[in-house]
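Here are a few friendly notes to read alongside the model. Please keep the structure open while you go through the points.

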Amino acid sequence: MFDLKGKVAVVTGASSGLGADSARAYVKAGASVALLARRKEKLDGLAKELKEQGAEVLAVACDVTQEDSVKKAIEEVIEFFGKIDILLNNAGVAVRGGVDSLSVEDWNKSMDTNVKGIFLVSKYVVPHMIKANYGKIVNVASVNALIGDKNDVFIRHSYNASKSAVLGLSMGMACSYGKYNITVNSVCPGLFESEMTKETLFKSKEFLDGYNYQCPMNRPGKRGEVSGAVLFFSSEMSSYITGQYVVIDGGTSLV
């Protein structure tokens, strides 16, 4: 049902975490993948793994906050594959702090990566999708686009703001590009172990105990548990769905 044979998927922030897991899921579904991230050495390791599975893979160093870097990366993808069918805008950062303590630099870091990054990559991918009259765009937001948290360990106001902006941007794009057979949807993960969380949230027993108590499923998310929604929004199973989001948080946002 999620057959992606013949499709080309671009994954930003592909060097680890959700990006790497999604790239693996795309390959299992039959897609070719372009891996984009700043850390080329980590991309090369993942590319090697995926090529050993028989996949066609391209690893490209790219800083999504820099327009020249994005433009060059997408040009390289098009030159190599000839098209882009799927875009997973996954690159993101989480900066701790409330408005009373955040520096302007930290605020800008969140906005530049989490919002401007999606804008820039989409800016250079969407024209190719319009030309092909086809495209699947999946933007990674967060449950923190929808809820806040009073626990000091988890206060990230710039993250809340930037991920809410991702949902707004996705809705606007969906309305504008639906006539070109391009769908734009979002996923909103809850707490998952990643490079951003394993050295902070996952090292706080107090925080994890509190999270597990609040979460109806009594645990954080596991690796791969976002991939189903990503594949759904990337496949023809969601051909008449656009401008929507799905929350993947074990029910935490319900409590």
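**Notes on the model**

1. Let's start with a residue on the inside: Met129 has a relative accessible area of 0%, so it is buried (buried means under 20% relative accessible area, exposed over 50%, partly exposed in between, with a 1.4 Å probe and protein chains only). Met129 sits in helix H4, which covers residues 104-132.

2. A word on what you are looking at. This is a predicted model, in which local features need pLDDT of at least 70 and side-chain atom pairs count only at pLDDT 80 or more, while totals for chains, interfaces and linings use all residues. Residues are numbered from 1 along each chain as its sequence is written, and side-chain values use heavy atoms, with hydrogens and water left out.

3. Which residues does Met129 touch, not counting those up to four places away in sequence? They are Ile84, Asp85, Ile86, Leu87, Tyr134, Gly135, Lys136, Ile137 and Ile182 (a contact means heavy atoms within 4.5 Å). Tyr177 is 48 residues from Met129 in sequence, and their C-alpha atoms are 9.3 Å apart in space.

4. Now the overall fold. The protein has 7 helices and 7 strands, arranged along the sequence as β-α-β-α-β-α-β-α-β-α-β-α-α-β. Helices (H or I, at least four residues) and strands (E, at least two) are DSSP runs, numbered from the N terminus.

5. The radius of gyration of the protein is 17 Å, close to the 18 Å from the globule rule for 255 residues, so the protein is as compact as a globular protein of that length. The radius is taken over C-alpha atoms, and the rule is 2.2 Å times the number of residues to the power 0.38. Along the principal axes, the C-alpha atoms fill a box of roughly 50 × 40 × 35 Å.

6. Of the 255 residues in the protein, 50% are buried. Among contacts with a separation of 6 or more, 71% are between residues 24 or more positions apart.

7. Finally, have a look at Thr252, in the segment after strand E7 (245-248). Is Thr252 buried or exposed? Its relative accessibility is 7%, so Thr252 counts as buried. The side chains of Thr252 and Tyr211 are joined by a polar contact of 3.3 Å (a pair of N or O atoms within 3.5 Å; within protein, one must be able to donate a hydrogen and the other to accept it, and residues adjacent in sequence count only if both atoms are side-chain atoms). Leaving aside neighbours within four places in sequence, Thr252 contacts Tyr211, Gln214, Cys215 and Pro216.
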